[in-house]
Amino acid sequence: MLTIKNPENFDWSTIPLDECLHGNSMDARMTIKIYGQLIELLKKTNREHLFDKLLSPALEYFADYEYRGIAIDEEVLQSTI
């Protein structure tokens, strides 16, 4: 998985192709695995409508969080561990 520590100055051209391919393939693999498990759970509990009404519309925001990152207060995070 790729972790971008400085997204403002990030440049894909500085990452070796093999690292980029590996990170992207692992991300896709885990996304498919989690999606399958989520859909199965929603079907078993008769809550499939949650995906259509809640999760699917939120995907745009999740993609934005993944691209831009989320600001985290490291001191607060450390105090909870």
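Which residues line the second largest pocket? The views below take that up in a predicted model, where local features need pLDDT of at least 70, side-chain atom pairs count only at pLDDT 80 or more, and totals for chains, interfaces and linings use all residues. Numbering starts from 1 along each chain as its sequence is written, and side-chain values use heavy atoms, with hydrogens and water left out.

**View 1. Helix α1 against helix α2.** Helix α1 (residues 17-44) packs on helix α2 (residues 49-68) at about 160°, axes 13 Å apart. That makes the two roughly antiparallel (angles over 145 degrees count as such). From α1, the contact (heavy atoms within 4.5 Å) takes Asp27, Tyr35, Leu38, Ile39 and Leu42, and from α2 it takes Leu50, Phe51, Leu55 and Glu66. By type, that's seven nonpolar, no polar and two charged.

**View 2. The second largest pocket.** Its lining is Asp27, Met30, Thr31, Ile34, Tyr35, Leu38, Phe51, Leu55, Leu59, Phe62, Ala63 and Glu66 (a pocket is an open set of points on a 1 Å grid where a 1.4 Å probe fits, with protein on both sides within 12 Å along at least five of seven lines; lining residues have an atom within 4 Å of a point). The volume is about 380 Å³.

Notes: Axes fitted to C-alpha atoms, helices over the stretch in contact; angles between N-to-C directions. Helix = DSSP H or I, 4+ residues; strand = E, 2+ residues; numbered from the N terminus. Parallel < 35°, antiparallel > 145°, perpendicular 65-115°, else oblique. Nonpolar A, V, L, I, M, F, W, Y, C, P; charged D, E, K, R; others polar. Points joined across faces, edges and corners; volume = space filled by probe spheres on them.
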